[in-house]
Amino acid sequence: MENSFDSIDRLMEFGMSMAVAQQMMNTMNNAMANMHVAGAGTPVMKTVAQYYAVINGGQVGPMTEAEVVKMVEADSICEDTLMWKTGAAAWVQAKQLPEINKIFMLRKINKQ
């Protein structure tokens, strides 16, 4: 009988330890949730790329990607048109900008 009483004591110790551990975890989670970290919680502003193109010898822009799509559909921008986007190091052909090249590819697929 002593073994079974000892087992119950061990289970109670374990249960109490789990309760203490759970309480500690709850306290830590609460403290972390209410902690203020500089810069945390500040919404991250997504930078929207702005595009520029050389059309008929002049610079056109800034344009959004949606505006570029319209210019491609109107044949004002072609694959060889020089373009620049915010953050780019240099002017490149439109087809060298992956997001613009995608527009040309989709246009070709839609024409088939």
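Modeller: What follows is a discussion of the overall fold, the sheet, the core and some individual residues.

Colleague: To begin with, what sort of model is it, and what is its average pLDDT?

Modeller: It is a predicted model. The protein averages a pLDDT of 80, and 64% of the residues score at least 70.

Colleague: Where is confidence lowest, and where is it highest?

Modeller: Confidence is lowest in helix α1, residues 2–33, with a mean of 64. The highest value, 95, belongs to strand β4, residues 92–93. Where pLDDT is low, the predicted coordinates should not be read in detail.

Colleague: Understood. How many helices and strands are there?

Modeller: There are three helices and four strands. Along the sequence they follow the pattern α-β-β-α-β-β-α.

Colleague: And in what order do the strands sit in the sheet?

Modeller: The order is β2-β1-β3-β4, in an open sheet with antiparallel pairing. Strands β2 and β4 are the edges, each pairing on one side only.

Colleague: Let us look at β1 and β2. How many bridges join them?

Modeller: Four bridges join β1, residues 51–55, to β2, residues 58–63, and the two strands run antiparallel. Within this pairing, Tyr51 has Met63 as its bridge partner in β2, while Ala53 is partnered by Val60.

Colleague: Is Asn56 buried or exposed?

Modeller: Asn56 is exposed, because its relative accessible area is 82% and the cut-off for exposed is over 50%.

Colleague: Which other residue has a positive phi although it is not a glycine?

Modeller: Asp75 does, with a phi of about 60°. Asp75 lies in the loop between α2, residues 65–73, and β3, residues 82–85. Asp75 is also exposed, with a relative accessible area of 55%.

Colleague: Where is there a cis peptide bond?

Modeller: A cis peptide bond joins Gly61 and Pro62, with omega about 5°. Pro62 lies in strand β2. For context, most peptide bonds are trans.

Colleague: Changing topic: what share of the residues is buried?

Modeller: Buried residues make up 14% of the 112 residues in the protein. As for the surface, the protein exposes about 8,900 Å², of which carbon and sulfur atoms supply 60%.

Colleague: Which residues touch the most other members of the largest nonpolar core?

Modeller: They are Val68, Ile77, Met83 and Ile100, in a core of 13 residues. The elements that give two or more residues to this core are β1, α2 and α3.

Colleague: What is Ile77 in contact with, beyond its neighbours in sequence?

Modeller: Leaving aside neighbours within four places, the contacts of Ile77 include Ala53, Ile55, Val68, Met83 and Phe104. Met63, Met71, Val72 and Ala94 are also among them.

Colleague: How much of the contact pattern comes from residues 24 or more positions apart?

Modeller: Such pairs account for 41% of the contacts with a separation of 6 or more.

Colleague: Now for Thr81. Where is it, and is it buried or exposed?

Modeller: Thr81 is in the loop between α2 and β3. Thr81 counts as buried because its relative accessibility is 8%, and the cut-off for buried is under 20%.

Colleague: What does its side chain reach?

Modeller: The side chain of Thr81 reaches the backbone nitrogen of Cys78 at 2.8 Å. Beyond four places in sequence, Thr81 is in contact with residues including Ala53, Val54, Val92 and Ala94.

Colleague: Finally, what about Glu99: is it buried or exposed?

Modeller: Glu99 is found in helix α3, residues 98–111. At 16% relative accessibility, Glu99 counts as buried.

Colleague: With which side chain does Glu99 make a polar contact?

Modeller: The side chain of Glu99 makes a polar contact with the side chain of Tyr51, at 2.8 Å. Not counting residues up to four places away in sequence, Glu99 touches Tyr51, Glu65 and Lys85.

Conventions:
Residues are numbered from 1 along each chain as its sequence is written. Side-chain values use heavy atoms; hydrogens and water are left out. Buried means under 20% relative accessible area, exposed over 50%, partly exposed in between (1.4 Å probe, protein chains only). A polar contact is a pair of N or O atoms within 3.5 Å; within protein, one must be able to donate a hydrogen and the other to accept it, and residues adjacent in sequence count only if both atoms are side-chain atoms. Contact means heavy atoms within 4.5 Å. Two strands pair if DSSP finds at least two bridges between them. pLDDT is the predictor's confidence in each residue, from 0 to 100. Accessible areas come from the Shrake-Rupley method with a 1.4 Å probe; for residues, only the protein chains shown count as cover. A nonpolar core is a set of buried Ala, Val, Leu, Ile, Met, Phe, Trp, Tyr and Cys residues joined through side-chain atoms within 4.5 Å.
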